[in-house]
Amino acid sequence: MTNTKSVASKLFVGFVVTSMLFTLSFKPAKADEISDLQTQINALLAQIAALQGGGSTGGSSCPTFTMDLTIGSTGAEVTSLQNFLMGHGQTIPAGATGYFGSQTQAALAGFQAANAISPAVGYFGPITRAKVNGMCVVVPPADDTSDDTSDDDSSDDDSVSLGGEASLDDVSMNDGDDTNIEEGQEDAPIAEVEVEFVDGDAQISRIDLGFVATGSEEDPWDTFSDISLWVDGDKVASVNADDEDDWLDEDAGTIRISGLDIVGMEDEKVTIVIGVTVQNSVDNMPATWRVDTEAIRFFDADDVATTEDATGDIGTGDGVTFDIDSEGADDEVIVKSSSEDPDATTIAVEEDTKSDWTTIFAFDLDTDDSTNDIEVNELYIDLYSSNDNVVDMISDMKLVVDGEEFEDYSTLVGAANSASTTFDLDGDLVIDAGDRVTVELQVEFKAQSGNYDNGDDIVASTTGATGDFEGADDVVGEGSATGETHTLRTEGAIIEAGDMTEVKDENDDTSTTDDEGIFTIKFEVTAFETDLYIDDTATGGTAEYNTGVNFQFLTTADAVAATSSLSASLTSTASKEAGRYKVAEGETETFTLTVVADPVTGGFHKLQLYSVNWNNTNDDADTQQRALPVEDFETDPLEI
């Protein structure tokens, strides 16, 4: 019964096809008619497959599928899958091209839905493969590696209407987006091929590429695992490249990528990106490679095949070079100053107990151009004081990164005014490739009494070279950062800069040397742990005076400027007691320093608030407290 049906179906289909061909021989066909006929023929092929027992299992005409297939896949198994789908009632207008495109995806999804395979999304994975391997595939796979005279290598794509008798006008090779790559890098865009056709549209079906190591005899199959082609961000083809047999010409380093469906419209450039995936362990790194376009095969609207090997940059040896380096060669860590580093300030410490946690230093770790994430194993911190032994000042320390705390550090080691420690992060801090993170050093200070003097200072620093970092391999850090100098006091003033002005007072006479500058600096004083008494006078210079403030009148080179006249005053929102301004404990008052200066030599000048001088009983010697950071307490330069 089955044999009878098979014979009958063959005779029926043969009659229909013959009739259609007979019709075409008497009536010229248009492009859209050809497309319709192709669709009908595919449908008839599907009927033949069904009548011949396409749903039966086993049989010598049943190839075994061995790999997952999806959008962009190419090769004989794709061709077999397309023939299988058409033989089981699905429609692929372009036919069995050997390229897995959107038409094949839609047909596969239809087959999955019809056979209760979930999810029915058009991905040929293990579930679908197991189902298909138990069913016959009627038509054997085609091969696009036949020589140029074979009719089997013709264009099968009727989904795009081509026109004209196309010829290849120009091919140019250009650098890709990434010509410095590393071992293990995937689909690195190392080159671009720009192709332009004239006198018609064309479909590119095959490209031959040559890969040659310059300056060495490295074989491409020992370097690359696959070669891919991309158009408009989509991978249109990929071939294995890690076996000598994958290469068309081993001596010339030629690899052939067939079964393409890249359409170039007349007078419009199509850009094809060449991507490479590098093997994980490559000998003789670093290395420089050159990629060339050796041949391009295409079809025009009349299905005429042409292979070009001498147009534009094809076959000239003037390809694109790219470098491959050892994995992790670009990994780096750079220590940089941070915008989060606290300004120089007075830190309130306790006389009899340790202080609260205070951030005294912040720096950045920048991985910049790294291609791999960076693990931080150790960070080395230097501490310095111009007044006392640092070891006697610090009770405890920790590093803080994005709220995560690292408290494991070695015992402070040092002598006199400097000490150092190493924080052990043990790889628990990982910086994503290319990111920049801020590291804060927080400190608890010992009680001041019996350990260090009131008014002692402290500053912290670090360098990249002293850290321990790891990317794909060990990384040597770079750069350095130093924090601001902070003063430790159990009582005193918190001084913060406010508004500043500088105005030139021009005299009415003709002598410009008589012009004067009027400078004002406003600042706030907050008293902590004591009342402050500040005299209402201001004195030029840096020596300690029993006056309210010290100031300096400077040139832009920070030299003290000579003046023919200089007058200064200090006013405040604070009330006075016995001729001094009083800032009560916990209160904040605003002060205004005004200086009128007539420089001997004309030029640019500025005013700097140097210190605030206070005592806490209104009858003992003043304590001089610097206004820091210096740059916050300077006016802009004024030309006088």
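Trainee: At what angle do the axes of helix α3 and helix α4 cross?
Mentor: This is a predicted model, and the two helices are α3 (residues 76-87) and α4 (residues 102-114). Their axes come within 10 Å. The crossing angle is roughly 50°.

Trainee: Are α3 and α4 parallel, perpendicular or oblique to each other?
Mentor: Start from the crossing angle of roughly 50°. Roughly parallel needs an angle under 35 degrees, and roughly perpendicular needs 65 to 115. The two helices are therefore oblique.

Trainee: Is the crossing of α3 and α4 left-handed or right-handed?
Mentor: Two packed helices are described by the angle and the distance between their axes. Here the handedness is given too: α3 passes α4 in a crossing that is left-handed.

Trainee: Which residues make the contact between α3 and α4?
Mentor: Take each helix in turn. α3 supplies Q82, F84 and L85. From α4 come T104, A107, L108 and F111.

Trainee: How many residues of that contact are nonpolar, polar and charged?
Mentor: Sort the contact residues of α3 with α4 by class. No residue there is charged, and 2 are polar. The nonpolar ones number 5.

Trainee: Where is A116, and what is its phi?
Mentor: A116 lies in the loop between α4 and α5. Its phi is positive, although the residue is not glycine. The value is near 55°.

Trainee: What is omega for the cis bond between L628 and P629?
Mentor: P629 sits in the loop between β37 (623-626) and β38 (638-639). A cis peptide bond joins this proline to L628. Omega is about -5°.

Trainee: Which residue of β3 stands opposite D170?
Mentor: β1 pairs with strand β3 (residues 188-200) in the antiparallel sense. The pairing runs over 9 bridges. Opposite D170 stands E196.

Trainee: What is the average twist in the sheet β27-β28-β35-β32?
Mentor: It is an open sheet of 4 strands, paired antiparallel. β27 (492-505) and β32 (563-572) each have a single partner strand, so they stand at the edges. From one strand to the next, the twist averages 15°.

Trainee: How many bridges join β27 to β28?
Mentor: β28 covers residues 516-528 and runs antiparallel to β27. V503 stands opposite I518 in β28. The bridges number 12.

Trainee: Which residue of β23 stands opposite E375?
Mentor: β16 pairs with strand β23 (residues 468-470) over 3 bridges. The sense is antiparallel. The residue opposite E375 is E470.

Trainee: How far apart are the closest N and O atoms in the salt bridge of D366 with K336?
Mentor: The structure holds 17 salt bridges, and a pair needs a distance within 4 Å. D366 forms one of them with K336. The pair links distant parts of the chain, with D366 in β15 (residues 358-366) and K336 in β13 (residues 334-337), 30 residues apart. The closest N and O atoms are 2.8 Å apart.

Terms used:
Residues are numbered from 1 along each chain as its sequence is written. This is a predicted model: local features need pLDDT of at least 70, side-chain atom pairs count only at pLDDT 80 or more; totals for chains, interfaces and linings use all residues. Side-chain values use heavy atoms; hydrogens and water are left out. Two strands pair if DSSP finds at least two bridges between them. Axes are lines fitted to C-alpha atoms, for helices over the stretch in contact, and angles run from 0 to 180 degrees between N-to-C directions. Angles under 35 degrees count as roughly parallel, over 145 as roughly antiparallel, 65 to 115 as roughly perpendicular and the rest as oblique. A crossing is left-handed if the near helix is turned anticlockwise from the far one by less than a right angle, and right-handed if clockwise. Contact means heavy atoms within 4.5 Å. Ala, Val, Leu, Ile, Met, Phe, Trp, Tyr, Cys and Pro count as nonpolar, Asp, Glu, Lys and Arg as charged, and the others, Gly among them, as polar. A salt bridge is a side-chain nitrogen of Lys or Arg within 4 Å of a carboxyl oxygen of Asp or Glu.
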